[in-house]
Amino acid sequence: EWYQVRALIQDVLDRLSSLFEGRSIQLHGPRDLPPVELDYLYLDQVLTNLLENAVRYTPPGTPIDVTIQPQEHEMLISVADRGPGIPQAEQKLVFDKFYRVLHHKQPGTSNTSTPGSGLGLAVCKGLIEAHEGRIWVESRPQGGAQLFIALPLRPFEH
Ligand code: ATP
Ligand code: MG
């Protein structure tokens with residue numbers, strides 16, 4: 001079905017706001033966007049996983065930014081944080097099942113103290129690829145991780 005991604009993301013943020021109390025999560029990007037053909041529950045699950053990670057692996061109080069950037073053939077959505085980031089050498093591996101990064105020297109964000117099975121991003125990858133989209137991670141120049149998803153934009157059909 002066809003959805004407005006901004007409304008979908010806002011729904012996810014509204015639902016998570018009570019769970020992630022005290023975290024500032026801001027949504028950026030244009031309001032007037034082309035509709036995207038997607039599975040609502042699958043995309044909800046992807047965004048929830050990415051936001052859960054952004055909260056789980058970053059120090060309390062640091063901001064999280066969700067950005068929507070429409071391009072010519074794709075809708076880009078990103079979740080950016082100010083945490084330890086993901087080392088370059090592991091940026092592809094984190095999408096493998098059960099892969100977890102060891103964040104040493106990051107009190108409170110070490111995954112020895114962080115629960116998780118290492119499946120979240122592998123599931124995200126499967127769900128995004130089911131949409132013929134792409135998912136990847138970059139390091140931010142100012143520090144932190146930025147997770148991107150790109151969903152194909154197709155001509156709207158009823
Ligand atoms: P699960 O999501 O299954 O509960 P998980 O969070 O460990 O467990 P993934 O979501 O697949 O699994 O993430 C894999 C690993 O990537 C994490 O263990 C963590 O080391 C790293 N990671 C993911 N997101 C971030 C982030 N925003 N900042 C830093 N590291 C991250
Ligand atoms: Mg996770």
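Biologist: What should I know before I start?

Modeller: This is a predicted model, where local features need pLDDT of at least 70, side-chain atom pairs count only at pLDDT 80 or more, and totals for chains, interfaces and linings use all residues. Residues are numbered from 1 along each chain as its sequence is written, while chains are lettered from A and ligands numbered from 1 in the order in which they are written.

Biologist: How many helices and strands does the protein have, and what pattern does it follow along the sequence?

Modeller: Helices (H or I, at least four residues) and strands (E, at least two) are DSSP runs, numbered from the N terminus. Here there are 3 helices and 7 strands. Along the sequence they read β-α-β-β-α-β-β-α-β-β.

Biologist: What does the radius of gyration say about the protein?

Modeller: Take the radius over C-alpha atoms; the globule rule is 2.2 Å times the number of residues to the power 0.38. For 158 residues, a compact globule would come out near 15 Å, and the protein has 15 Å, so the two agree. Along the principal axes, the C-alpha atoms fill a box of roughly 50 × 30 × 30 Å.

Biologist: What share of the residues is buried?

Modeller: A residue is buried if 20 or more other C-beta atoms lie within 10 Å of its own, exposed if 12 or fewer, and partly exposed in between; C-beta atoms are placed from the backbone. Buried residues make up 27% of the 158.

Biologist: And which residues have the most contacts inside the largest nonpolar core?

Modeller: In soluble globular proteins, nonpolar side chains tend to be buried together. A nonpolar core is a set of buried Ala, Val, Leu, Ile, Met, Phe, Trp, Tyr and Cys residues joined through C-beta atoms within 7 Å. The largest one here has 30 residues. Val46, Leu47, Leu50, Val79, Cys124 and Ile149 have the most contacts inside it. Two or more residues come from each of H1 (5–16), H2 (40–56), S4 (64–70), S5 (74–80), H3 (120–130), S6 (134–139) and S7 (145–152). H2 gives the largest share, 6 residues.

Biologist: Take Val79. Which residues does Val79 touch?

Modeller: Two residues are in contact if their C-beta atoms, placed from the backbone, lie within 7 Å. Leaving out residues up to four places away in sequence, Val79 touches Leu50, Leu51, Ala54, Ile64, Val66 and Leu147. Across the protein, take contacts between residues at least 6 apart in sequence: 67% of them join residues at least 24 apart.

Biologist: In which sense do S5 and S7 pair, parallel or antiparallel?

Modeller: Two strands pair if DSSP finds at least two bridges between them. S5 and S7 are antiparallel, over 7 bridges. Val79 has Leu147 of S7 as its bridge partner. S4 and S5 also pair in the antiparallel sense, over 6 bridges. These two form a hairpin with 3 residues between them. One bridge there joins Pro70 to Met75 in S5.

Biologist: What about S2 and S4, parallel or antiparallel?

Modeller: Parallel. S2 (residues 25–28) pairs with S4 over 4 bridges. Ile25 bridges to Ile64 in S4.

Biologist: How many bridges join S6 to S7?

Modeller: The two strands run antiparallel, joined by 6 bridges. Trp136 stands opposite Phe148 in S7. Their hairpin has 5 residues between the strands, and Gly143 there takes a positive phi near 95°.

Biologist: Which residues of H3 are buried?

Modeller: Gly120, Leu121, Cys124, Lys125, Leu127 and Ile128. Their cover includes H2, S6 and S7.

Biologist: Last, which residues come nearest to ligand 1?

Modeller: A residue is near a molecule if its C-beta atom, placed from the backbone, lies within 6 Å of it. Of the 22 residues around ligand 1, Arg100, Val101, Gly116, Gly120 and Leu121 come nearest. H2 and H3 are the elements that give two or more residues to this shell. By class, the shell has 11 nonpolar, 9 polar and 2 charged residues. Ala, Val, Leu, Ile, Met, Phe, Trp, Tyr, Cys and Pro count as nonpolar, Asp, Glu, Lys and Arg as charged, and the others, Gly among them, as polar.
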